[in-house]
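Biologist: I would like to learn how to read local features from a model. Could we take them one at a time, with the general idea before the case?

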Amino acid sequence: MQGLSKVALFAATFWVLTVQAQPNVLLILADDLGWNDVGFHGSEIRTPNLDSLALTGVVLNQYHSQPTCSPTRAALMTGKSPQRLGIYQQFAKYATQGLPVQEKTLGDYLQTLGYQTWLIGKWHLGYAKRVFHPNSRGFDHFYGHVTGGIGYWDHVHGGGYDWQRNGTTVRDQGYATHLLAKEAVDLIKKRDDKRPFFLFASFNAPHLPNEAPAPAISEYAHIDNPFRRIHAAMVTELDRSVGQIIQALKAEGEYENTLIWFMSDNGGLNREASLGPVSLSENLQGMFGKPLPIKILEFIRTNTLDGGSDNTPLRYGKGSVYEGGTRVPSFTHWPGQLPAHRTDEFVTAQDVLPTILNLIGAGYPDELDGSSRRSALLNQPSSAPNDYVTISQYGDQAYYRWPWKLISMGDRVELYNLIDDPLETKSLADQETHLVEDLKNQLDTIPRAPSLHIPLYKVLWDPDFFGGKEDRPPWAERTVLDSTRPSSTSNSGAIQ
């Protein structure tokens with residue numbers, strides 16, 4: 001096909017796929033799920049539905065996200081590094097920007113291939129203008145919330161109600177995880193059965209706040225730590241919701257024809273992975289009780305002390321560039337297509353888009369930062385993975401050239417061989433000086449776009465609380481109508 005334009009090639013690919021049986025795609029994303037929060041990693045938390053899929057699928061022992069949610073979601077949706085896009089941390093509720101509108105998302109690609117595209121759950125890639133909204137970013141249907149974290153019962157984020165369907169506020173009563181499962185099942189049952197579907201099930205569980213139905217909490221009465229107890233119940237409710245979706249696929253005869261990919265957006269939140277000094281938060285809580293009288297201190301306290309996740313045996317957790325922040329539970333599952341096995345192949349969030357498109361027989365652009373890891377999923381010899389960069393909201397950085405990992409924290413540099421030392425116990429920076437210099441130079445020259453985030457003082461003045469009293473209009477009603485996306489979506493306006 002030498003000389004064939006990308007447009008013609010994509011059209012040819014579309015024609016081929018339309019005359020063949022197209023698989024459905026189910027992408028399941030958990031929020032702040034730790035390494036040791038799933039049964040198939042040995043957790044005390046019961047996740048039988050996820051375990052069954054994992055053990056009959058491909059367990060990814062070396063799947064890596066970004067340290068926080070918005071960067072991971074940007075990588076998943078575009079196949080590009082979030083640094084290239086200017087997304088270095090989670091979008092705050094007052095963010096005026098979002099995922100650059102010139103970027104083509106996984107939803108866009110699959111829409112072009114004739115898929116029905118649905119997003120249920122958390123978006124967190126921009127809301128301030130309608131052009132950032134999921135319905136403008138490749139999704140025919142959206143049900144959930146656009147901000148970072150909500151109360152599971154009240155559906156409030158930062159003082160504003162955030163539960164909507166296709167841009168319109170809906171006052172649905174119920175536990176968020178249950179509502180999302182019901183919507184997903186309804187979409188599957190009411191689909192156009194002449195066309196394949198892409199369901200992005202982007203659950204907000206088990207992100208703070210710690211809230212779960214009482215019967216689920218009582219199942220873990222043996223866990224002494226109250227935060228861990230409720231966290232376990234939240235994960236179990238997530239697992240049951242996944243089970244409902246799987247049952248709907250089976251009832252509709254679509255289970256065998258559905259490619260499933262499950263992962264967490266980052267490591268879990270706990271005291272080791274805290275937002276601030278644990279001792280300070282404990283002292284303030286001891287002096288004033290909870291909630292603390294100053295908003296930002298209460299926000300720091302709850303994000304420091306209330307996390308119930310477990311990332312052991314990995315170091316640290318959410319927000320960190322150590323493995324506990326970025327190496328997360330993940331598996332793929334496709335009956336009859338992907339042989340069941342565990343793989344230590346290095347796979348990242350920005351590999352998901354090209355891998356999915358490759359697995360279903362579609363093409364993808366050459367300029368992506370991720371690459372297809374199809375061979376690894378098929379348990380076949382695979383090429384070396386692309387280098388990968390993670391950056392925390394505090395500016396710490398990690399550069400992966402598998403199996404090597406360089407960590408840069410200001411003047412401090414560490415180097416680990418993750419095959420020999422997966423728990424990052426002994427830095428080899430002093431012994432491998434030439435490699436450190438090479439990786440550091442590569443890290444310093446990666447494409448970086450200007451940050452799309454608002455100044456820190458605006459976040460501190462009115463923090464993004466999860467749940468609580470409504471004191472402003474719903475977030476869907478604060479969205480500004482804006483011009484449509486540019487017709488050309490091949491390149492970002494950010495640095496290429």
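**Reading the backbone, the cores and the spaces**

Modeller: P403 is found in the loop between β14 (397–401) and β15 (404–409). Keep in mind throughout that the model is predicted.

Biologist: Is the peptide bond from W402 to P403 cis or trans?

Modeller: As a general idea, most peptide bonds are trans, and most residues other than glycine have a negative phi. The bond from W402 to P403 is cis, with omega near 5 degrees. Another cis bond joins T312 and P313, where omega is about 10 degrees. P313 belongs to the loop between α10 and α11.

Biologist: Now phi. What is the value at D32?

Modeller: D32 has a phi near 65 degrees, which is positive in a residue other than glycine. Its place is the loop between β1 (24–30) and α2 (48–55). D32 counts as buried because its relative accessibility is 3%, and the cut-off for buried is under 20%. H124 also has a positive phi, about 60 degrees, without being a glycine. H124 lies in the loop between β3 (116–122) and β4 (141–145). With 5% relative accessibility, H124 is therefore classed as buried.

Biologist: How should I read a nonpolar core, and which residues touch the most other members of the largest one?

Modeller: The general idea is that in soluble globular proteins nonpolar side chains tend to be buried together. Here the largest nonpolar core has 59 residues, and L27, Y63, L106, F198, W261, L357 and I360 touch the most other members. Helix α12 (residues 352–359) supplies the largest share of this core, 5 residues. A second, separate core has 52 residues, including I120, L179, A233 and L249.

Biologist: Take F198 as an example. What does F198 touch?

Modeller: Leaving out residues up to four places away in sequence, the contacts of F198 include V25, L27, L106, L110, Y115, W118 and F139. G107, Q116 and T117 are also touched by F198.

Biologist: Next, a charged residue. Is D310 buried or exposed?

Modeller: D310 is buried, because its relative accessibility is 18%. D310 lies in the loop between α10 and α11 (323–326). Its side chain makes a polar contact of 2.8 Å with the side chain of N36. Beyond four places in sequence, D310 touches G34, W35, N36, D37, R228 and N270. For scale, the C-alpha atoms of D310 and Y416 are separated by 22 Å, and these two residues are 106 residues apart along the chain.

Biologist: What about the second largest pocket: how much space lies in it, and which helix gives the most to its lining?

Modeller: About 520 Å³ of space lies in the second largest pocket. Its lining has 28 residues, and P291, E298, F465, F466 and G467 lie nearest its centre. Helix α10 (residues 295–305) contributes the most to this lining, with 6 residues. By class, the lining of this pocket has 11 nonpolar, 7 polar and 10 charged residues.

Notes:
Residues are numbered from 1 along each chain as its sequence is written. This is a predicted model: local features need pLDDT of at least 70, side-chain atom pairs count only at pLDDT 80 or more; totals for chains, interfaces and linings use all residues. Side-chain values use heavy atoms; hydrogens and water are left out. On a 1 Å grid over the protein atoms alone, a cavity is a set of points where a 1.4 Å probe fits but cannot get out, and a pocket is an open set with protein on both sides within 12 Å along at least five of seven lines; lining residues have an atom within 4 Å of a point. Grid points are joined across faces, edges and corners, and a volume is the space filled by probe spheres set on the points. Helices (H or I, at least four residues) and strands (E, at least two) are DSSP runs, numbered from the N terminus. Ala, Val, Leu, Ile, Met, Phe, Trp, Tyr, Cys and Pro count as nonpolar, Asp, Glu, Lys and Arg as charged, and the others, Gly among them, as polar. Buried means under 20% relative accessible area, exposed over 50%, partly exposed in between (1.4 Å probe, protein chains only). Contact means heavy atoms within 4.5 Å. A polar contact is a pair of N or O atoms within 3.5 Å; within protein, one must be able to donate a hydrogen and the other to accept it, and residues adjacent in sequence count only if both atoms are side-chain atoms. A nonpolar core is a set of buried Ala, Val, Leu, Ile, Met, Phe, Trp, Tyr and Cys residues joined through side-chain atoms within 4.5 Å.
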